[in-house]
Amino acid sequence: MSEKTSYGFTTTILHSDRQKPIEHGSLHKPLHTSVTYGYEDARQLASVFQGREPGFRYGRQGNPTISALEEKVTRMEGGVASICFATGMGAIGAVFQALLKAGDHVVSSSFLFGNTNSLWQTVAGQGVGVAFVDATDVANVEAALTSATRIVFVETIANPRTQVADLARIGQLCRERGILYVVDNTMTTPYLFQPRSVGAGLVVNALTKAIGGHGNALGGSLTDTGVFDWSTYPNIAPNYKKNAPAMWGMVQLRAKALRDFGASLGPEAAHHIAVGAETLALRMERASANALAIAAMLEADERVAAVHYPGLPSHAQHGVARELFRAFGSLFSFELKEGIDCFDYLNRLQIGISASNLGDTRTLVIPVAHTIFFEMGAERRASMGIAESLIRVSVGIEDAADLLADFEGALP
Ligand SMILES: *Cc1c(COP(=O)(O)O)cnc(C)c1O
């Protein structure tokens, strides 16, 4: 298959391994489990170590199976390079480990995945200032910038309350100020949205979620979109400035985060994720349609107090979501009317499974305040717009009629 960039999303994923020489005609990238790589010429080994020629040396920094997945993620995001990590948090942690130092400042959306919120608290304890802002309006981001701000971090659709960041305007602001814009694209996935299109320099994907898609492997990735000018970034060590400036960010991330901290993706997980990714577009279409149908049904029911889903015209950022995303995603959250116990409701569901994780083929439900957002306390939950009775639903690819009957039938 010749190099051509105009194929559609799914064709590109399915055939990306064939852009490199195929091993033994294998249509799946073989699962390489070797930790180390031997060279007949010791000089060549030295040359690989010194970055003077490409090659594999030790499994913590990558292997051919991981590289193939990195290539696939890069193509999905329309970027220039990607690095895979053991988990999504490994990828987000890498941004902090490799790119920030004491005295630096980060502006982050306050509407965040709970563990990312927890990570920023850790970072704040290590000398990096973090300002949390309502990122649905670029004005709040702009007001929080300081001369030490290195990074602006947002999620596309916030998990679990589904606020949509002011993605394009924040991108414009970051471009004007020369600030690295990092976008966590987990909730939208590169099928619904490419953050590169709004000026993101780095894109985070929790591959565990919809990209892997079957709840059978953990993984994360960072993609350099090629948009950010690394020659302006103050924290690149002289060691990592030997290549062209376009490479600096990824070279430092691979060394300072992946190599030094070791959150490396395993080859078996990479294989599961690569197979899952083949059907990402199909699953996202189906799950988004299911989510819209259930969210609309619940919103119209008087026993439901609120439904949060960007696909509903009542959602505060419905317009932005419609403008930027191909569909509205597989996740929504809702609140039952006062007096209806959320645990009893969840226990009446037959198809929706009480479990964490999202982006699975199966529909998963969770009482947010009592589980994934329990540790942060009621005050911070309130500031994030998370009601104590909020139920998060990660909609799967089951048949729509079955899901509608399940969610309606569980209402008292
Ligand atoms: C799940 C998730 C992560 C973390 O991914 P893991 O693979 O579980 O570490 C990061 N960001 C978002 C938005 C997520 O939903």
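This briefing walks through the salt bridges of the structure above. The model is predicted, so local features need pLDDT of at least 70 and side-chain atom pairs count only at pLDDT 80 or more, while totals for chains, interfaces and linings use all residues. Residues are numbered from 1 along each chain as its sequence is written, and side-chain values use heavy atoms, with hydrogens and water left out.

**The count**
- A salt bridge here is a side-chain nitrogen of Lys or Arg within 4 Å of a carboxyl oxygen of Asp or Glu.
- By this rule, the structure has 14 salt bridges.

**A bridge between distant parts of the chain**
- Arg286 and Asp399 join through their side chains in a salt bridge, at 3.2 Å from N to O.
- This pair links distant parts of the chain, 113 residues apart: Arg286 belongs to helix α11 (residues 280-299), and Asp399 lies in the loop between β12 (391-394) and α15 (400-409).
- Helices (H or I, at least four residues) and strands (E, at least two) are DSSP runs, numbered from the N terminus.

**Buried or partly exposed**
- Buried means under 20% relative accessible area, exposed over 50%, and partly exposed in between (1.4 Å probe, protein chains only).
- Arg286 is partly exposed at 37%, and Asp399 is partly exposed at 45%.
- Asp166 and Arg169 form a salt bridge of 2.8 Å, N to O, and Asp166 is buried at 7%.
- Asp360 and Arg362 also pair up, with their closest N and O atoms 3.2 Å apart; Asp360 is buried at 10%, whereas Arg362 is partly exposed at 44%.

**A network**
- Salt bridges link Lys20, Glu71 and Arg75 in a network.
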